Amino acid sequence: MNTIPNMLLPYSLHHESKNAVWQLSTLFLEHIPFHHERLIFCCIGSDRCTGDTLGPLTGSFLKKSVSFPYEIVGSLEDPLHALNLDSTMQQLHNHTTKPFIIAIDACLGSEQNVGHISVQSGPIFPGKAVKKELPPIGDISVKGIVNIGGFMEMLVLQNTRLHISYAMAEKLSRALLLAAHRYSLKSVEDGNHNANNDNTWQQVSSFDFS
């Protein structure tokens, strides 16, 4: 299975595409600075609305993996949403080291794009679909298009099937975890530590890349 070089942003693919996990992990390796001192994954959304659960589900999946070493803000247990987003961002930036933030959120889009995961440079503007004024967040944006936008967006989000949010969050979290493992493997190879290299490669080779 070959890597895909020079995957430029913005980039989008359907979560059911062939080798979607591998392709997304390659994209993340190219555009997320896994070496950064304060790499933070902000998973935005609410567990009270099925169409808005992509972020919290992704955060929960990542938090369950002991091998994902990066800070995660937002989960089903402790959501990052409209009521605490502003104060949370102030806390994250109130630090001597500026964070590099990957923002993950659900969004609405055209019918042909439902099911796509979109990655682009720059911030997410959370709440835009439901006309909420919230601060922009993220150095890189990861958005999952969960339903059709353009009319009665809040009602559409509330009546979105949980299955699509769950399926997309599962693929996205696996891709991020794989990207982190591949970064670790590359670091080990660069350091020429063969024992650790074998162990890390066994973890990577156990992934289902679809």
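What do the buried residues of α2 pack against? Hold that while I cover the ground rules. This is a predicted model, where local features need pLDDT of at least 70, side-chain atom pairs count only at pLDDT 80 or more, and totals for chains, interfaces and linings use all residues. Residues are numbered from 1 along each chain as its sequence is written, and side-chain values use heavy atoms, with hydrogens and water left out.

Now helix α2, residues 54–64. Helices here are DSSP runs of H or I, at least four residues; strands are runs of E, at least two; both are numbered from the N terminus. Eight of the 11 residues of α2 are buried, so the rest of the structure largely encloses this helix. Buried means under 20% relative accessible area, with a 1.4 Å probe and protein chains only. Among the buried ones are Leu54, Pro56, Leu57 and Leu62. They pack against β2 (39–43), β3 (71–73), β4 (100–109), β6 (140–148) and α5 (162–191). Contact means heavy atoms within 4.5 Å.

Next, the core. A nonpolar core is a set of buried Ala, Val, Leu, Ile, Met, Phe, Trp, Tyr and Cys residues joined through side-chain atoms within 4.5 Å. The largest one has 43 residues. Phe28, Ile32, Phe41, Phe68, Ile102 and Leu176 have the most contacts inside it. Helix α5 gives the most to this core, 10 residues. Apart from it lies another core of 12 residues, including Leu80 and Ile101.

Last, strand β1, residues 11–14. Tyr11 and Leu13 point to one face and are buried.

Conventions. Buried means under 20% relative accessible area, exposed over 50%, partly exposed in between (1.4 Å probe, protein chains only).
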